[in-house]
Amino acid sequence: MSGTDVLYPPLPQPDPLTQFFWDGVSEHRLVILRCDACGFYLHLPKVVCRNCLSTSLTPTEVSGRGILSTWTIPMQPFDPYYQSQVPYVLAVVELEEQPNLKLVTNIVDCAEEDLRIDMPVEVTFREVAPGCILPLFAPTA
Ligand SMILES: [Zn+2]
């Protein structure tokens, strides 16, 4: 591998259940599956609402705001892309739309010593490799 090769993270592999999520990301929109019957949000996407068992579910854009539930700083990731990113913040963010509506993501634009449980964060869409956009989170401005 030459020094000019671009490293990619493990790329999303959309399937019929998750295509809407990645379509939203490509448009810089955070879209979560929501139950038409009871309003419950589901992430990761499922075919049945675990709150009311309805199968009528619709991708719904959310605010992109939430709080930092927890994080870690991986020091020995296996993947070459993530090895190239050390140190980075692997995090779980809880979206404001619903208690325990959580995404695994990275926190960016925040020094490690400034991270706090429950700190407000908001989504930011970053092209982490050519053509590869991921929904990451940064402290709310
Ligand atoms: Zn439901």
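**Note on the predicted model: zinc site, domains and local backbone**

1. The side chain of Thr 105 comes within 2.9 Å of the backbone oxygen of Pro 135. This note concerns a predicted model. Thr 105 sits in strand β6, residues 102-107, and is buried, its relative accessibility being 5%. Leaving out residues up to four places away in sequence, Thr 105 touches Val 89, Leu 90, Ala 91, Val 93, Pro 135, Leu 136 and Phe 137.

2. Ser 69 belongs to strand β4. With 17% relative accessibility Ser 69 is also classed as buried, since the class covers values under 20%. Its contacts, apart from neighbours within four places in sequence, are Val 92, Val 93, Glu 94, Lys 102 and Ile 117.

3. The zinc ion has four protein donors, the SG atoms of Cys 35, Cys 38, Cys 49 and Cys 52, lying 2.3 Å from the ion. The arrangement is tetrahedral because the angles subtended by the four donor atoms run from 103 to 114°. For four tetrahedral donors the ideal angle is 109.5 degrees. Along the chain the donors are spaced as C-x2-C-x10-C-x2-C. Cys 38 is in the loop between β1 (31-35) and β2 (41-42), and Cys 49 is in the loop between β2 and β3 (57-61), so this pair ties together parts 11 residues apart in sequence. Cys 38 is partly exposed, at 34% relative accessible area, whereas Cys 49 is buried, at 0%.

4. Two domains are assigned: domain 1 covers 15-62 and domain 2 covers 63-141. Their C-alpha centres are 20 Å apart. In the interface, 14 residues of domain 1 contact 13 residues of domain 2. The two domains bury about 1,100 Å² between them, and 75% of this is on carbon and sulfur atoms. On the domain 1 side, Leu 30, Tyr 41 and Val 62 supply 44% of the area buried against domain 2, more than any other three residues.

5. Two peptide bonds deserve a look. The bond from His 43 to Leu 44 is cis, with omega near 5°; Leu 44 is in the loop between β2 and β3. The bond joining Val 86 and Pro 87 is cis too, with omega about -5°, and Pro 87 lies in the loop between α2 and β5 (89-95). Most peptide bonds are trans.

6. Two residues other than glycine have positive phi. Asn 100 has a phi of about 70°; this residue is in the loop between β5 and β6 and is exposed, at 54% relative accessibility. Asp 118 has a phi near 75°; Asp 118 is in the loop between β6 and β7 (120-129) and is partly exposed, at 48%. Most residues other than glycine have a negative phi.

7. Met 75 is in the loop between β4 (65-72) and α2 (80-85). Met 75 is exposed, with a relative accessible area of 55%. From Met 75 to Asn 106 the separation is 31 residues in sequence and 14 Å in space, C-alpha to C-alpha.

Terms used: Residues numbered from 1 in each chain as written. Predicted model: local features only at pLDDT ≥ 70, side-chain atom pairs only at ≥ 80, totals over all residues. Heavy atoms only, no water. Helix = DSSP H or I, 4+ residues; strand = E, 2+ residues; numbered from the N terminus. Buried < 20%, exposed > 50% of the residue type's maximum accessible area, 1.4 Å probe, protein only. Donors = N, O, S within 2.8 Å, 3.2 Å for Na, K, Ca; no water. Tetrahedral: all angles 85-135°; square planar, octahedral: opposite > 155°, others 65-115°. Polar contact = N/O pair within 3.5 Å; in protein donor to acceptor, adjacent residues only side chain to side chain. Contact = heavy atoms within 4.5 Å. Domains from an automatic or database assignment. Buried area = accessible area lost by both parts, 1.4 Å probe.
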